Structure formats: C-alpha cells, structure tokens
Amino acid sequence: MQRCFELARLGAGQVSPNPMVGCVIVHNGEIIAEGYHQKYGEAHAEVNAINSLLNNRINAAELLRESTVYVSLEPCAHFGKTPPCADLLIKHQVQKVVVGCTDSFGLVNGKGVDKLRAAGIEVEVGVLEQEARNLNKRFFTRIQQQRPYIILKWAQTADGYFSPESGQHWITSAAAKKLVHQWRSEEDAVLVGKRTALIDNPQLNVREVEGRNPLRIVIDRKLELPETLHVFDGQQRTLVINELRTDVVGQTTYVQLDDFEHYLPQLIAYQLYLMDIQSLIIEGGAQILNLFISHNFWDEARVFTGPQTWGEGIPAPLLPTPPSQEFTVANDKLSYFYKT
C-alpha cells in the first residue's frame, strides 16, 4: 500500500479534480505490475497497472486470476470519463482486492467494493486508511465540504513582520522561492489580494520548476488594478474576483460577488468549488490571510521565517494553533500548521 501511495503522488498537479490513485498487482508475494492515474480524463490507476501486465507477460490472464490487487482508493463503479474500474477487475477475475480507503464521491462510496464482493472477489478495506485519506485530502474536502482545500502561505521576518509598510522587500532565500513554485505546480489555484498584486506585481507561475501553472486569482473589488500587471499578461488563466461585472476577456475571467463585507472567504471558496477547483494556495497579502484565519476558513498553513529582523512593518498573521512540523530550507525555517 505504501508503494501505491508513492505511485499516486506522481499524479500530483495533473489529475485534479480527480483523486490521486496508485495501484500495485502482487502475485505470490512479488509485484508483477503497477500503475497510477497520470492525467485527468485518462486511464485510471487500475487500468494502467493491468495494461502494463498485459503488455509484458504472455500469461497475464492467468496471473491476474491468482493475484491480489492493491489500490489506494476504492475502485470506481460508475461511467465517467472512463469505464468503471470495478468492472475491469471483475472481468479479469482477480483473486483479491486490497483498498486503502473508500471513495466518498456519491457515485462510488462503497459501490465499488459492493460490486467486487457481489462478483465473488475477496475485498479488504482500510489498509493504512488514514494515510490513504490524507493523500487525497484535497479531493475529500471538495466532495464533503463543497469547497477547495485551502493552504495559507507567507514569509515573515525573525521578529514577526510580513512586509514593509510600503514597497517590497524579499525575506526568504532562493531555495524557498523554488519550493513555493513547486507547491504552485501541485495545486489548482493561487490567490492574492489587490495590494499584493499592485506592489509585488507577481507572475504567480511555476517558472522555477517544471509543471502546470495554477489558475491565478486576484481580488480586486472595484477593478482598479492596471492591465499592465503580470497577472493580466495572458500567459495563463486568471480569475478576477470583483463586485462590478462578470465577463471573459481572453485568458481573464471576471466573477462578480455581491457581498464583500461578511462572507467573502466562503463565497470565493464556493465559486471555486463550482469551477472544480480542488485546492487553493493563498499567498497574500496580510489582510486577505487574516480574513481567512478570522473566519476559521483554512486547512493548512506553510510559513517561512527568514533570519533577518526589521523592527517595524506590517505584522505577520497569527495562527491559533502551534506548528505541527518544522524544517530548514537554506537559511529559512519552514513551519507547517494544520487546523484542528
């Protein structure tokens, strides 16, 4: 099952809004084939694993009838972009299926397991279940809470400042910057507020690494940002949250929200859910980060602390929970927080 998880993670940033899934086929204690869900709309993990076996073993059909199939998430039981994986396993009369966790998506949610058992296949469910659920926490958040998994991210000085009162000043190392670009490549969308877009003029892409650029989201209530900013360069999809208009201009989509005063985090999150956005990184500014924290509307936070001290500036946000993990990235400290 651990190998299933390793394989599944290879699909990070490529399969959303589907879950990441890995599959391993074992015969007499030996792994004879494996596969993972590589890209949204394409073959699922079980299909890739079985095809790998069929393409490499003359006696594949016989081996499958004597094999145990390990899969990190319950095989699907419905027709979506691809046919049901449960039907494929039944077709090949596999001996046993071991499942990390069930799929809470309404069209599956136990139906895949039931279909396999009804066909006479032995099924074991819940092997490393918590790890399996954590692997797809983004998927489960979207399905169960009808919103994306929300990650807060910022950098702060050693004495707790987020940014200067005016202007821009880099806090962390080049290594931290590259890691942030890697994170962006693994998530569906990245969000900043108007002040961050104006002062920092970020590109919000993944130019430091190979991978998919996320959807850029900018909050610009009155549509006051100049079109010369990088976020309007047409190089990737951009969503502008505002209260004036809904429109599409090239790669830029304007979405009008009616209430900026009371439930802005919830309205943004639900809009993204409707767009099948499964995960969101919020990178600033301090006001936007504090807004999501005050509404208790976040799942995870990643905070870099640089070695420098300023003595003044805009204070960094404060989280209501201590860090769960801490690492060193070059000269910076990286802390992970999880909402309890």
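Where in the chain is the place of Asp276?

Analyst: This is a predicted model, in which local features need pLDDT of at least 70 and side-chain atom pairs count only at pLDDT 80 or more, while totals for chains, interfaces and linings use all residues. Residues are numbered from 1 along each chain as its sequence is written, and side-chain values use heavy atoms, with hydrogens and water left out.

Asp276 lies in the loop between helix H10 (264–274) and strand S13, where helices (H or I, at least four residues) and strands (E, at least two) are DSSP runs numbered from the N terminus. Although Asp276 is not a glycine, its phi is positive, at about 65 degrees. With a relative accessibility of 37%, Asp276 counts as partly exposed, a class that falls between buried (under 20% relative accessible area) and exposed (over 50%), using a 1.4 Å probe and protein chains only.

Strand S13 (279–284) is followed in the description by another loop, the one between S13 and helix H11 (286–294), and this is the place of Gly285. The peptide bond that joins Gly284 and Gly285 is cis, with omega about 5 degrees. A cis peptide bond is also found from Ser16 to Pro17, with omega near 10 degrees, and Pro17 sits in the loop between helix H1 (2–9) and strand S1 (22–27).

Asn28 belongs to the loop between S1 and strand S2 (30–36), and at 71% relative accessibility Asn28 counts as exposed.

Turning to the side chains, the structure holds five aromatic pairs, meaning rings of Phe, Tyr or Trp (its six-membered ring) with centres within 6.5 Å, counted as stacked if the planes are under 30 degrees apart, edge-to-face if over 60, and tilted for the rest. One of them joins Trp183 and Tyr336 edge-to-face, at 6.4 Å centre to centre with 70 degrees between the planes. This pair links distant parts of the chain, since Trp183 is in helix H8 (residues 174–186) and Tyr336 in strand S17 (residues 332–338), 153 residues apart. Trp183 is buried, at 5% relative accessible area, and Tyr336 is buried too, at 13%. Tyr336 also pairs edge-to-face with Phe327, at 5.8 Å centre to centre and 90 degrees between the planes, and Phe327 is partly exposed at 41% relative accessibility. Ring pairs link Trp183, Phe304, Phe327 and Tyr336 into a cluster.
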